[in-house]
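Hi,

Here is the structure I promised to pass on. Have a look at it first, and then read on for what I found in it.

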Amino acid sequence: MSSEDLTAVKANSIIHQYSKGQILFFQQDLLNYYYFVLKGYVKLDRRDSEDRFFYVDYIKENSFFPYRNFAHNNYYGYSAVTKTDVDLLLLPKALFESVIGHNYDQLLLMYNQLAHILNYHELRIQMTLISSAYDRVIQTVSLLKYDMAKTEGKEAVIHCPITINEIAEYAGTTRETAGKVMRNLVEEGRLSYSHKIICYLDTDYFDRLIET
């Protein structure tokens, strides 16, 4: 950014700390701020008019959101809740859109991030075509690795706590099926799962399932 744009963003943005489980905004709330996650994890979910769940996603550290609303929508398209204690940078909507709108490098950066998100969601759509609920859970765990895990030596870890119920929601199946798959993956030595933290031991196995 130019020094003028950076000064304006710094002067008008807010860094705020939130505790685990706090609601940041509800679906269809007026969009006043964009967010950048400095520390921690955020969960997004979207429901229909009868409050039936049909979308979930997770936002990790050093990530901006919501991309889907940028420069074309004045209302949040989903609800957001903190999965852990988080530090967030709140960017005023009008100012941020103005700054990005005349900055080629920032627009290119956003395009590259959107391309990554599009690829990820194409993989998620492909997963819905898998008829076997068992296989969908394995694919779900693989997609979560692709999107969320940090490489630590020969392993990869998702430090965001993810419950069996959330894995089941993501995969479109029951808690019982998701729990069975996770137990089998642990017994096979593919991963470990303790205190809702997924650690991928056989990273090649999961990478092969979602070759991009």
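Four strands form an open sheet in the order β9-β10-β12-β11, and their pairing is antiparallel. At the edges are β9 (150-152) and β11 (191-194), each of which pairs on one side only. From one strand to the next, the twist averages 25 degrees. Please keep in mind that this is a predicted model.

Inside that sheet, β10 (residues 155-158) and β12 (residues 197-200) run antiparallel and are joined by three bridges.

Now to another part of the chain, around strand β3. Which strands is β3 joined to by bridges? One is β8 (residues 86-92): six bridges join it to β3 (residues 33-39), and the two run antiparallel. Here Tyr34 stands opposite Leu91 in β8. Another is β6 (residues 63-65), also antiparallel to β3, with three bridges between them. In that pairing, Phe36 stands opposite Phe64 in β6.

Lys93 lies in helix α2 (residues 93-101). Is Lys93 buried or exposed? Its relative accessible area is 12%, and because the cut-off for buried is under 20%, Lys93 counts as buried. Leaving aside residues up to four places away in sequence, Lys93 touches Leu31, Asn32, Tyr33, Tyr34, Asn73 and Asn74. How does its radius of gyration compare with that of a compact globule? For 212 residues such a globule would have a value near 17 Å, and the chain, at 18 Å, agrees with this. The C-alpha trace spans about 55 × 45 × 30 Å along its principal axes. Of the 212 residues, 43% are buried. Among contacts between residues at least 6 apart in sequence, 70% join residues at least 24 apart. The chain exposes about 11500 Å², with carbon and sulfur atoms supplying 51% of that area.

How values were computed: Residues are numbered from 1 along each chain as its sequence is written. This is a predicted model: local features need pLDDT of at least 70, side-chain atom pairs count only at pLDDT 80 or more; totals for chains, interfaces and linings use all residues. Side-chain values use heavy atoms; hydrogens and water are left out. Two strands pair if DSSP finds at least two bridges between them. Axes are lines fitted to C-alpha atoms, for helices over the stretch in contact, and angles run from 0 to 180 degrees between N-to-C directions. Buried means under 20% relative accessible area, exposed over 50%, partly exposed in between (1.4 Å probe, protein chains only). Contact means heavy atoms within 4.5 Å. The radius of gyration is taken over C-alpha atoms; the globule rule is 2.2 Å times the number of residues to the power 0.38. Accessible areas come from the Shrake-Rupley method with a 1.4 Å probe; for residues, only the protein chains shown count as cover.
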